[in-house]
Amino acid sequence: SLIVPRISSRIGYTRALFAGYLSGLAATVVLLLSRNIYGVIATGILLGLYSAVGYSISRTFLTNEVESVDNRYRAKVLSVTSTLSSMINLATPAAVGYIYSLHPKLFVTTLSAIMSVCLLISILLGAYTRRLSSRTR
């Protein structure tokens with residue numbers, strides 16, 4: 001609760017995800033534009049915020065969404081998402097190294113594109129949850 005306050009609604013989750021992905025996108029832009037060590041430090045702080053918020057909030061959101069379904073389905077969903085995340089993380093260093101070896105700015109551009117897609121997904125998720133919450137009222 002030090003970084004992310006207690007969140008009790010779907011809209012709160014999507015706002016926190018939006019803020020996390022926005023900080024990740026801002027981190028890549030700051031890294032791209034930085035000319036000294038202070039820009040790199042700011043990038044590290046923003047990426048740390050992105051990691052803390054994005055990962056924990058998305059897991060909590062997913063767990064809360066599948067909580068009402070039976071326990072076997074919930075266990076399968078959480079297992080698949082954890083396994084998929086681990087498999088992607090195994091290939092990430094090699095892929096990032098290859099992209100960086102092609103051209104350093106291509107790495108930053110690719111990272112910015114990925115953060116932009118995550119930001120777009122969180123915006124769409126926010127619109128979807130607002131529409132769902134307005135229907136249930």
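Biologist: Let's start with the overall layout. How many helices and how many strands are there in the chain?

Modeller: Happy to begin there! Read along the sequence, the pattern of this predicted chain is α-α-α-α. The count that goes with it is 4 helices and 0 strands.

Biologist: What share of the residues of the chain count as buried?

Modeller: To count as buried, a residue must have under 20% relative accessible area. The chain has 137 residues, and the share of them that count as buried is 26%.

Biologist: Among contacts between residues at least 6 apart in sequence, what share join residues at least 24 apart?

Modeller: A contact here means heavy atoms within 4.5 Å. Taking the contacts between residues at least 6 apart in sequence, the share that join residues at least 24 apart is 66%.

Biologist: Now to Thr28. Is Thr28 buried or exposed?

Modeller: Thr28 is found in helix α1, and leaving aside neighbours within four places in sequence, Thr28 is in contact with Val108, Leu111, Ser112 and Met115. Its relative accessible area is 2%. The cut-off for buried is under 20%, so Thr28 is buried.

Biologist: And which residues does Thr43 touch, not counting those up to four places away in sequence?

Modeller: Thr43 has its place in helix α2, which covers residues 37-66. Thr43 is buried too, because its relative accessible area is 4%. Not counting residues up to four places away in sequence, Thr43 touches Ala27, Val30 and Leu31.

Biologist: What about open space? Which element gives the most to the lining of the largest pocket?

Modeller: About 1,100 Å³ of space lies in the largest pocket. The elements that give two or more residues to its lining are α1 (10-33), α2, α3 (71-102) and α4 (104-136). With 10 residues, the element that gives the most is α2.

Biologist: How many residues of that lining are nonpolar, polar and charged?

Modeller: The largest pocket is lined by 30 residues, and those nearest its centre are Tyr21, Tyr50, Ser85, Ile88 and Cys118. By class, the lining has 19 nonpolar, 9 polar and 2 charged residues.

Biologist: Now for the aromatic rings. Is the pair of Tyr21 and Tyr50 stacked, edge-to-face or tilted?

Modeller: A search of the whole structure finds 2 aromatic pairs. For Tyr21 and Tyr50 the distance is 5.7 Å centre to centre, with 50° between the planes. Planes under 30 degrees apart count as stacked and over 60 as edge-to-face, so this pair is tilted.

Biologist: Which helices hold Tyr21 and Tyr50?

Modeller: The pair links distant parts of the chain, as Tyr21 and Tyr50 are 29 residues apart. Tyr21 is buried at a relative accessible area of 14%, while Tyr50 is partly exposed at 22%. Tyr21 lies in helix α1 and Tyr50 in helix α2.

Biologist: Why is the pair of Tyr100 and Phe107 edge-to-face?

Modeller: Tyr100 lies in helix α3 and is partly exposed, with a relative accessible area of 46%. The ring centres of Tyr100 and Phe107 are 6.2 Å apart. Planes over 60 degrees apart count as edge-to-face, and the angle here is 80°.

Biologist: One last stop, Thr109. How far apart in space are Thr109 and Val29, C-alpha to C-alpha?

Modeller: Thr109 has its place in helix α4 and counts as partly exposed, at 48% relative accessibility. Thr109 and Val29 are 80 residues apart in sequence. In space, C-alpha to C-alpha, their distance is 9.0 Å.

Technical notes
Residues are numbered from 1 along each chain as its sequence is written. This is a predicted model: local features need pLDDT of at least 70, side-chain atom pairs count only at pLDDT 80 or more; totals for chains, interfaces and linings use all residues. Side-chain values use heavy atoms; hydrogens and water are left out. Buried means under 20% relative accessible area, exposed over 50%, partly exposed in between (1.4 Å probe, protein chains only). On a 1 Å grid over the protein atoms alone, a cavity is a set of points where a 1.4 Å probe fits but cannot get out, and a pocket is an open set with protein on both sides within 12 Å along at least five of seven lines; lining residues have an atom within 4 Å of a point. Grid points are joined across faces, edges and corners, and a volume is the space filled by probe spheres set on the points. Ala, Val, Leu, Ile, Met, Phe, Trp, Tyr, Cys and Pro count as nonpolar, Asp, Glu, Lys and Arg as charged, and the others, Gly among them, as polar. Rings of Phe, Tyr and Trp (its six-membered ring) pair if their centres lie within 6.5 Å; planes under 30 degrees apart count as stacked, over 60 as edge-to-face and the rest as tilted.
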